[in-house]
Amino acid sequence: MRRTPVRYNGHHCRNCWNVALWIANDEGLYRFALECRARARNATQAARDMLESLPTRTPDGARYTLSAVRAAILGLE
């Protein structure tokens, strides 16, 4: 029997989903992410810039990682 990987609303893991929720739904984080994206050459650099100012974890304990922040930035409109 093949197991289908668990997906979290389009994100590949719970941590990425959680970080994306915080960045998209907290007005301050959202505006900061947009600023980082506007200044950076690409999403990876924007995520690195953002990580320099973020704490290590979200208020509910998920880790802010480069891949999670980058995925969240790519998902912003």
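Numbering starts from 1 along each chain as its sequence is written. In this predicted model, local features need pLDDT of at least 70 and side-chain atom pairs count only at pLDDT 80 or more, while totals for chains, interfaces and linings use all residues; side-chain values use heavy atoms, with hydrogens and water left out.

**Stop 1: helix α2**

Select residues 27-39, which form helix α2 (helices are DSSP runs of H or I with at least four residues, strands are runs of E with at least two, and both are numbered from the N terminus). Show the side chains of R31 and E27: they meet in a salt bridge with an N to O distance of 2.8 Å. The term requires a side-chain nitrogen of Lys or Arg within 4 Å of a carboxyl oxygen of Asp or Glu. R31 and E27 are four residues apart in the helix, so about one helical turn separates them. R31 is exposed at 51% relative accessibility, and E27 is exposed at 52% (buried is under 20% relative accessible area, exposed is over 50%, partly exposed is in between, with a 1.4 Å probe and protein chains only).

Next, select E35 and R39. Their side chains also form a salt bridge, at 4.0 Å from N to O. This pair too lies in α2, four residues apart, about one turn of the helix. E35 counts as partly exposed at 43%, whereas R39 is exposed at 57%. The count of salt bridges by this rule is two.

**Stop 2: the nonpolar core**

Select I23, M50, V69 and I73, the residues with the most contacts inside the largest nonpolar core, which has 19 residues. Elements giving two or more residues to this core are α1 (14-25), α2, α3 (43-53) and α4 (66-74). A nonpolar core here is a set of buried Ala, Val, Leu, Ile, Met, Phe, Trp, Tyr and Cys residues joined through side-chain atoms within 4.5 Å.

Now centre on I73. Leaving aside neighbours within four places in sequence, I73 is in contact (heavy atoms within 4.5 Å) with A33, R37, A43, A46, A47 and M50.

**Stop 3: T58**

Move to the loop between α3 and α4 and select T58. T58 is buried, with a relative accessible area of 4%. Not counting residues up to four places away in sequence, T58 touches N18, V19, W22 and Y64. With N18 there is a side-chain polar contact of 3.4 Å (a pair of N or O atoms within 3.5 Å; within protein, one must be able to donate a hydrogen and the other to accept it, and residues adjacent in sequence count only if both atoms are side-chain atoms).
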